[in-house]
Amino acid sequence: MNNGMINIALPKGRLGESVLEIFEKLGYGCPAIHEKNRKLIFTNEENGVCFFWVKPSDVAIYVERGAADIGVVGRDILLEYSPDVYELADLKTGICRMAVAGKSDYYDDTTKTLRVATKFPNIARGYYEKIGRDIDIIKLNGSIELAPILGLSDVIVDIVETGKTLYENGLEPYTDIVDISARLVSNKASYKFKNGKIKEISEKIIEYIG
C-alpha cells in the first residue's frame, strides 16, 4: 500500500457501514468500496485514503501492529484487550452497554463462588474485583445466553443493546458495568509520522459528530 495513504480498518457489518458514511460525508469517500466484487482493499488516491474491512475484534490488532494507521473499534475491545493504540474520538455510534444478566429469578448467594459466563473475561474480572466478589470465569465464544439457562453459570457478562435477546430467553440485565460505543483509534507510530493527515481526519469527525 502507498505509504502516503491513510490506511483505515473498518469493522465488517452495520457499525462499519455507518462509520463509512461519516467518512464519505467528510470527503474521504472511496467509490470502489461499493462495487460488488471480492476485493479486500479499496483505495482512493485523490482522497488519500485506503479502506479495508476486517472482523470487528481484529481492528485493534491491525491498528496496533501498523497494518492500519487508524481504525474503528468498540470500547469493549479496548477495555478487554488493552491494545497499545491512541484513542482519538468517541464516534457516538454503536452505542450499547456491558452488563451483568441472569435468569429472572436469579438470587446472588454471596456465600458461594459466583459462576460468570462471558466473552469478556478481563472486563468481568475487573468489575467483580472492584466489588470484592469471588467468581469463577467461564470463557465462552457464542450463545452466552444459554449458560444460565442450562445451569452452566449463575450470570453472564455481555454486551446489551436493547435487551430483547435476553428477555426472549427468560433473562434480564441486573447491573450495568460500562457504556460502550465505537471509538476512532490510531497506531502510535502513524500518529507521529502521519500526524497532519490523521489529525485532520479526527478533527473533522469530532466536529461533525458534535
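Lys130 counts as exposed because its relative accessibility is 76%, where exposed means over 50% relative accessible area, buried under 20% and partly exposed in between, computed with a 1.4 Å probe and protein chains only. The residue has its place in helix 4, residues 121-130, and its C-alpha atom is separated by 31 Å from that of Arg65, which is 65 residues apart from Lys130 along the chain. Helices (H or I, at least four residues) and strands (E, at least two) are DSSP runs, numbered from the N terminus.

The model is predicted, so local features need pLDDT of at least 70 and side-chain atom pairs count only at pLDDT 80 or more, whereas totals for chains, interfaces and linings use all residues. Residues are numbered from 1 along each chain as its sequence is written, and side-chain values use heavy atoms, with hydrogens and water left out.

**Salt bridges**

The structure holds nine salt bridges, a salt bridge being a side-chain nitrogen of Lys or Arg within 4 Å of a carboxyl oxygen of Asp or Glu. Among them are the pairs in this table.

| Pair | N to O distance |
|---|---|
| Arg183 and Glu87 | 2.6 Å |
| Arg183 and Asp90 | 3.7 Å |
| Arg97 and Asp176 | 2.8 Å |

Arg183 forms a salt bridge with Glu87, and this pair links distant parts of the chain, with Arg183 in strand 11 (residues 182-186) and Glu87 in strand 5 (residues 86-90), 96 residues apart. Arg183 also forms a salt bridge with Asp90, a residue of strand 5 that is 93 residues apart from Arg183.

The side chains of Arg97 and Asp176 meet in a salt bridge. Arg97 lies in strand 6 (residues 96-103) and Asp176 in strand 10 (residues 171-180), so the pair ties together parts that are 79 residues apart in sequence. Asp176 counts as partly exposed, at 46% relative accessibility.

**Helix packing**

The axes of helix 1 (residues 14-25) and helix 8 (residues 195-209) come within 10 Å and cross at roughly 105 degrees; axes are lines fitted to C-alpha atoms, for helices over the stretch in contact, and angles run from 0 to 180 degrees between N-to-C directions. The two helices are therefore roughly perpendicular to each other, a term for angles of 65 to 115 degrees. Ile22, Phe23 and Lys25 of helix 1 make the contact with Ile201, Ile205 and Tyr208 of helix 8, where contact means heavy atoms within 4.5 Å.

**Surface and loops**

Leu146, Ile149 and Leu150 form a nonpolar patch on the surface, with about 290 Å² of accessible area together. Such a patch is made of residues with over 30% relative accessible area and no salt bridge, with nonpolar side chains (Val, Leu, Ile, Met, Phe, Trp, Tyr) joined within 5 Å. Leu150 lies in the loop between helix 5 (146-149) and strand 9 (155-160) and counts as exposed at 65% relative accessibility.

Lys92, in the loop between strand 5 and strand 6, has a phi near 55 degrees, a positive value in a residue other than glycine, and is partly exposed with a relative accessible area of 47%. Ser143, in the loop between strand 8 (135-139) and helix 5, has a positive phi near 45 degrees and counts as partly exposed at 48% relative accessibility.

Note on methods. Patch = residues over 30% accessible without salt bridge, like charges linked within 9 Å, V, L, I, M, F, W, Y side chains within 5 Å. Areas by Shrake-Rupley, 256 points an atom, 1.4 Å probe, with all protein chains shown as cover. Parallel < 35°, antiparallel > 145°, perpendicular 65-115°, else oblique.
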